[in-house]
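Visitor: I am new to this structure and would like to learn how to read it. Could you take me through some of its features?

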Amino acid sequence: MQHFLSVKDAIDVQALVKEALLYKKAPYADKHIGKNRTMGLLFFNSSLRTRLSTQRAAQNLGLELIVMNVGQDGWGLEFEDGAIMNGNKAEHIKEAAPVVGQYCDIVGIRSFPGLVDREEDYSEKVLNQFVKHTGRPIVSLESATRHPLQSLADLITIEELKTKPRPKVVLTWAPHVKALPQAVPNSFAEWMNAADVDFVITHPEGYELAPEFVGNAKVTYNQKEAFEGADFIYAKNWSSYNQYGQILNQDPAWMVTMDKMKLTNNAKFMHCLPVRRNVVVEDAVLDSPNSVVVQQAGNRIWSAQVVLKQILLKII
Ligand SMILES: CCC[C@H](NC(C)=O)C(=O)O
Ligand SMILES: NC(=O)OP(=O)(O)O
């Protein structure tokens, strides 16, 4: 594995999941594989889980770490080729990225979309400039259109908790007070389409995800119909793709409630976190034994650890 940017970088998804579950039983099995190597984690946006779980995974493999809030602590970066840099951007990515590559053997990047220019966001301009100029393996810590470490952890969670060979997994839109990226649902959808699950996406009209991510998923505007017989409910808000970055609907009728969970096959409730209680999902669901959001977050360690191992095997 050279880079980890999407499900396409996972040659065998099921093998990755199995190896991650082995790490969950034996976290230090490869404690020395990262000896004398350094991973840099560059955050252009906030993070709790990704920041902490990726550090823990790296430490489990013996990697040294450098963590930086580039958005606050670094220089304003210019990503446009040929730009005349007479504005407020002090440094070009063409210098910043290879310099980071001088200090780090592997580089993780978190850079959310601007949610203004769909073409720019969906071209993954920021992530791809780091891939092009750093000269090192790049791991996405959530980019403009995907969150692969989250999605691998989501699949690990489904695999360890499923009670049937092919569970029904429902990705449901839920309301939010801010316009959020499509990265998490896009990524969840492409990983579910690569897994052996009965995958359904439900959202209000106007929140259709990009077709390349929806793939073969069943899509319905009827949330209650989608919940019927579900084994896993994965809730997430996202802003409109078609009316890019817009909030079209804040209808609290789409909030996940205990009444809706009763339509399911005793489904587990999943969310990548952070979650807005009583906006996205009511307290009763999050406080119920069916909520697995903490276990799901714990699986981010094993998701990152199995990916970093695959990358280290290519560079040592
Ligand atoms: C892991 C989720 C990160 C981000 N969430 C927020 C609140 O910005 C999102 O929705 O993509
Ligand atoms: N789920 C997730 O990536 O959480 P953070 O944004 O806190 O890292």
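**A buried loop residue and a helix pair**

Guide: Leu115 is placed in the loop between strand 5 (106-110) and helix 5 (118-122), where helices (H or I, at least four residues) and strands (E, at least two) are DSSP runs numbered from the N terminus. This is a predicted model, in which local features need pLDDT of at least 70, side-chain atom pairs count only at pLDDT 80 or more, and totals for chains, interfaces and linings use all residues. Residues are numbered from 1 along each chain as its sequence is written, chains are lettered from A and ligands numbered from 1 in the order in which they are written, and side-chain values use heavy atoms, with hydrogens and water left out.

Visitor: Does Leu115 count as buried or exposed?

Guide: Buried means under 20% relative accessible area, exposed over 50%, and partly exposed in between (1.4 Å probe, protein chains only). Leu115 counts as buried because its relative accessibility is 14%, and it has a positive phi of about 60 degrees although it is not a glycine.

Visitor: At what angle do helix 2 and helix 13 pack?

Guide: Axes are lines fitted to C-alpha atoms, for helices over the stretch in contact (heavy atoms within 4.5 Å), and angles run from 0 to 180 degrees between N-to-C directions. Helix 2 (residues 49-60) and helix 13 pack at about 50 degrees, with their axes 8 Å apart. Among the residues that meet are Arg49 and Ala58 in helix 2, and Trp302 and Leu308 in helix 13.

Visitor: Which peptide bond is cis?

Guide: The bond from Leu273 to Pro274 is cis, with omega near 0 degrees, and Pro274 lies in the loop between strand 11 (268-270) and helix 12 (283-286).
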